[in-house]
2 protein chains.
Amino acid sequence: MGTTDETAGVDERGGRRRRASGGAEARRAKRSGSRSLQLPFIRRILPEQAVLDEEGLALIEQNADTVLEEIGIEFREDPEALQMWREAGAEVSGERVRFPKGLCRELLKTAPQTFTQHARNPERSVEIGGKATVFAPVYGPPFVRDLDNGRRYGTIDDFQNLVKLAYQAPALHHSGGTVCEPVDIPVNKRHLDMVYAHIRYSDKPFMGSVTAPERAADSVAMARMVFGEEFVEQNCVLINLINVNSPMVFDATMLGALKTYARANQGTIVTPFILAGAMSPVTVAGTLTQVLAEVLAGAAFTQLCRPGAPVIMGTFASSISMQSGAPTFGTPEPTLVLYGAAQLARRLNLPFRSGGSLCASKVCDAQAAYESAQTLTPTVMAGTNFVLHAAGWLEGGLVSSYEKFVMDCDQLAMMQQLSRGVDLSENGQAMDAIREVGPGSHYLGCAHTQANFETAFYRSPVADNNSFEQWLAEGSKTAEERANGLWKKWLAEYEAPPLDEGVDEALKEFIETTKASMPDAFS
Amino acid sequence: MGTTDETAGVDERGGRRRRASGGAEARRAKRSGSRSLQLPFIRRILPEQAVLDEEGLALIEQNADTVLEEIGIEFREDPEALQMWREAGAEVSGERVRFPKGLCRELLKTAPQTFTQHARNPERSVEIGGKATVFAPVYGPPFVRDLDNGRRYGTIDDFQNLVKLAYQAPALHHSGGTVCEPVDIPVNKRHLDMVYAHIRYSDKPFMGSVTAPERAADSVAMARMVFGEEFVEQNCVLINLINVNSPMVFDATMLGALKTYARANQGTIVTPFILAGAMSPVTVAGTLTQVLAEVLAGAAFTQLCRPGAPVIMGTFASSISMQSGAPTFGTPEPTLVLYGAAQLARRLNLPFRSGGSLCASKVCDAQAAYESAQTLTPTVMAGTNFVLHAAGWLEGGLVSSYEKFVMDCDQLAMMQQLSRGVDLSENGQAMDAIREVGPGSHYLGCAHTQANFETAFYRSPVADNNSFEQWLAEGSKTAEERANGLWKKWLAEYEAPPLDEGVDEALKEFIETTKASMPDAFS
């Protein structure tokens with residue numbers, strides 16, 4: 001929580017020291033005309049919010065064990081996986097795997113509690129787990145939207161733009177994965193252009209393809225060209241999203257990608273994808289039970305593939321409208337699932353992924369913001385380690401929004417500031433200021449304010465705090481309209497980070513050869 | 001946190017039992033065509049979020065004691081107050097009062113840790129303090145705004161409309177006070193119409209006038225007509241907002257109102273009104289120190305007026321833009337102040353007021369929603385007991401917005417659901433559902449879903465979760481546009497609660513007589 005010394009208990013990448021020097025760095029960045037200050041990943045100082053006590057957590061764990069033992073999980077169309085489970089001591093019947101009590105937890109003892117995902121720029125490497133929180137952009141939308149051109153299918157140009165925006169965003173610590181689907185490129189080849197865009201247009205860590213085992217292998221191959229074969233063998237340079245086909249099914253596609261990445265020592269996020277009421281029970285405790293059982297099975301399986309392979313407990317939990325079946329976001333029940341799942345992950349000693357800036361709204365209006373904030377704040381306060389969909393998510397994840405992207409980044413930067421907690425240094429205590437000013441005066445000109453005002457308060461590049469009259473005079477713009485100007489500014493100021501020419505050539509050659517080796521497929 | 005029994009540990013007014021019966025009540029309300037289900041005040045089950053540890057809290061308390069002892073607080077233009085402090089053992093020099101260490105805390109031992117504010121409908125009485133949270137609408141705006149008529153000065157019609165909307169809102173537990181300034185009525189008479197509107201058009205608890213001692217006295221007089229003289233003497237029926245003129249000044253107006261209410265055994269909220277950087281230091285810890293010192297002095301003074309009088313520790317903390325001096329909302333620093341102040345209030349054994357749905361935005365756009373959500377969630381998770389400005393606040397508090405009012409009420413209802421925590425009953429655990437459905441199926445039709453779907457998930461009356469195509473077909477409405485329809489629906493469905501005719505006559509006569517006794521004043 002608070003500390004009374006400028007440096008006590010805070011890693012040099014983390015909070016207080018960075019805050020102390022933030023102003024100077026920002027001024028330097030401004031003078032040199034370079035892009036804005038990049039923030040390191042968050043090291044949380046605030047304690048995590050809990051929603052379940054020991055008794056409640058133990059009850060859910062016991063129920064999850066019962067699910068694993070009595071009902072079991074299906075591993076479909078993957079005889080190898082079934083054989084691996086048989087050899088590990090599970091009971092396999094058809095594609096159904098039932099787990100003796102304690103087996104999954106025993107296997108998970110080799111999984112790292114925290115690990116580093118390396119970026120090609122070592123300054124952008126991130127820690128996954130523990131007190132670290134990493135923000136990554138939206139993943140998966142087939143559509144994009146901006147105020148000028150409206151809603152349309154995503155293209156590789158949009159994909160590159162979104163990678164560039166993530167690179168520009170100070171509080172996005174990660175370049176993400178499928179920031180939108182580039183539907184102008186054949187489905188069996190687009191993963192190459194996506195991975196290349198992350199490498200070429202950013203130096204932040206990124207994600208590999210999971211839509212087929214060979215695309216996962218291509219992602220690993222490209223990573224090896226950037227980081228070197230041996231480095232990749234020993235270190236995590238890719239984090240990859242493995243969704244459970246809830247309830248209680250792993251399908252062949254995801255198992256194929258999982259095995260490829262785990263055997264290559266790369267990170268996987270095992271994520272039950274839940275619209276509660278459809279893919280899980282309509283209750284919070286029931287959903288948590290199923291999520292835990294699914295994660296235990298899937299995460300343990302990574303350790304069968306390669307003991308020690310990094311694995312993250314994920315949840316994606318929304319609920320559905322019981323009238324229409326449509327997913328809803330920012331509502332209380334998924335929030336409780338998020339908090340509870342974070343607690344369960346900590347007890348499993350696994351890093352935790354969930355949340356983001358999720359919403360159902362079609363446009364960047366108040367609904368989008370309420371829903372996103374009501375997802376993001378719990379995400380951070382729960383102590384989530386890896387936050388996918390932290391920026392750009394619109395319309396239930398069908399759309400990557402340019403305006404939403406920069407609006408969310410503003411919120412992320414505020415969450416980062418909040419996570420630093422209260423500065424209790426002598427300067428933070430400000431007793432000199434209170435003495436100097438005294439009753440009935442004001443602090444605007446006092447020495448302490450003069451010394452601190454540049455970095456004292458978070459400044460939003462999106463919010464308008466001017467008077468009503470000034471706001472009118474400036475065109476009565478909504479936040480969405482101001483955000484439209486901001487992403488254009490970020491793109492205009494974008495400068496690509498340097499990339500070794502030999503590496504670039506090798507990547508391009510690999511992509512060309514691989515593409516030439518197969519016909520185009522569009523579905 | 002969670003409970004394993006339907007009724008364990010939950011008061012009958014509070015969470016679980018209400019949830020179990022909520023569906024049936026809602027259906028009854030729907031059938032009978034009556035207004036929507038009213039929710040009782042919140043009894044929080046979730047633990048409070050902390051940002052300071054024991055060491056940090058003790059440091060701030062020690063610094064606040066130093067402020068009280070060495071710098072002191074000014075009680076201006078009120079010789080009686082100075083004399084009272086002198087007799088209590090404080091050191092008085094001019095208008096400056098310095099407090100021997102421990103004096104204020106000693107005086108506060110007679111203040112109640114929790115108390116009931118009675119409503120004229122006993123079902124609407126609220127508990128203030130402890131695990132209770134009460135939502136009250138916006139207080140103070142001179143302007144109102146709606147989509148049809150834009151921004152304009154508030155009138156008594158607007159005031160009555162906002163009281164009616166608060167009456168209709170299930171998750172507003174309180175009718176509030178100056179929901180807008182009715183500027184069409186003379187400033188020295190409008191308090192009579194405001195208090196009357198709360199009594200006549202609602203049966204929820206409400207607030208008295210504080211703008212002059214005689215207006216406070218009028219408020220008490222009107223309350224006595226409703227509740228009876230003896231009842232008011234023994235019980236709190238009015239809560240009243242006493243702002244500190246920060247830094248470290250109580251002015252004669254506020255002291256006059258404070259004395260009137262405290263001596264009448266009515267509740268006061270002693271609230272340092274802080275735009276940090278102007279009225280307090282630019283740091284969180286410095287602001288907390290000053291807030292605590294001011295509250296200690298003001299709250300202790302209520303106990304000099306009448307030992308045992310209900311008093312609430314308040315904070316209103318925003319920060320200012322260091323470029324323009326304009327207040328900003330929903331940013332990290334005021335959030336930390338809010339969390340920290342809630343912790344300090346609990347250590348003082350005083351109920352706590354802060355937060356709300358605050359924003360700087362001029363319209364109900366994404367900025368308004370982000371800022372409001374980033375204030376409201378911390379307000380609730382900090383364990384705030386009395387939440388003023390919970391609905392309708394726009395443009396830094398200059399505007400009461402009709403659309404924002406109902407949008408905020410939607411968020412409040414979600415916060416109420418969230419505060420109930422996780423249902424760990426057998427039905428909540430849903431093991432039967434998991435067994436029934438099994439791997440690869442879905443929960444839509446299972447027995448457990450059928451039994452629970454009506455009350456399982458919060459349903460927003462504002463959010464649109466439909467498909468993009470359906471949303472387009474319905475006119476591509478923003479949340480603000482949908483909210484416009486919702487407040488009109490609430491007003492159309494409004495039915496006044498019954499009021500004893502004799503009481504109504506007495507109130508009207510009192511208002512007429514009082515108004516006739518003085519000339520109109522408009523400033």
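Leaving aside neighbours within four places in sequence, which residues is B:Phe99 in contact with? I looked this up first, in what is a predicted model. The list for B:Phe99 reads B:Leu68, B:Glu69, B:Ile73, B:Phe75, B:Trp85, B:Ala90, B:Cys104 and B:Ala297.

Core. I then looked up the largest nonpolar core, which holds 361 residues. The members that touch the most other members are A:Phe75, A:Trp85, A:Phe99, B:Phe75, B:Trp85 and B:Phe99. I note that B:Phe75 and B:Trp85 are also among the contacts of B:Phe99. In soluble globular proteins, nonpolar side chains tend to be buried together.

Symmetry. I superposed chain B on chain A: the rotation is 180 degrees, the shift along its axis 0.0 Å and the RMSD 0.0 Å. This is therefore the relation of a two-fold axis. I recorded that 100% of the contact residues of chain B recur in chain A, so that the same surface serves both copies. In chain B, the residue that comes closest to the rotation axis is B:Ala366, with its C-alpha at 2.1 Å.

Interface. I found 119 residues from chain B and 119 residues from chain A in the contact. About 9600 Å² is buried between the two chains, and carbon and sulfur atoms give 68% of that area. On the side of chain B, B:Tyr370, B:Pro439 and B:Phe457 lose the most area to chain A, together 9% of what that side buries.

Polar terms. I counted 36 residue pairs in polar contact across the interface and 4 salt bridges between chain B and chain A. I also noted a salt bridge between the side chains of B:Lys362 and A:Asp464, at 3.0 Å from N to O. Helix α12 (residues 366–381) of chain B supplies 10 residues, the largest share of the side of chain B that touches chain A.

Note on methods: Residues are numbered from 1 along each chain as its sequence is written. Chains are lettered from A and ligands numbered from 1 in the order in which they are written. This is a predicted model: local features need pLDDT of at least 70, side-chain atom pairs count only at pLDDT 80 or more; totals for chains, interfaces and linings use all residues. Side-chain values use heavy atoms; hydrogens and water are left out. Copies are superposed by least squares on the C-alpha atoms of residues with pLDDT of at least 70 in both. Contact means heavy atoms within 4.5 Å. A nonpolar core is a set of buried Ala, Val, Leu, Ile, Met, Phe, Trp, Tyr and Cys residues joined through side-chain atoms within 4.5 Å. Buried means under 20% relative accessible area, exposed over 50%, partly exposed in between (1.4 Å probe, protein chains only). Buried area is the accessible area (1.4 Å probe) that two parts lose on being put together, summed over both. A polar contact is a pair of N or O atoms within 3.5 Å; within protein, one must be able to donate a hydrogen and the other to accept it, and residues adjacent in sequence count only if both atoms are side-chain atoms. Helices (H or I, at least four residues) and strands (E, at least two) are DSSP runs, numbered from the N terminus.
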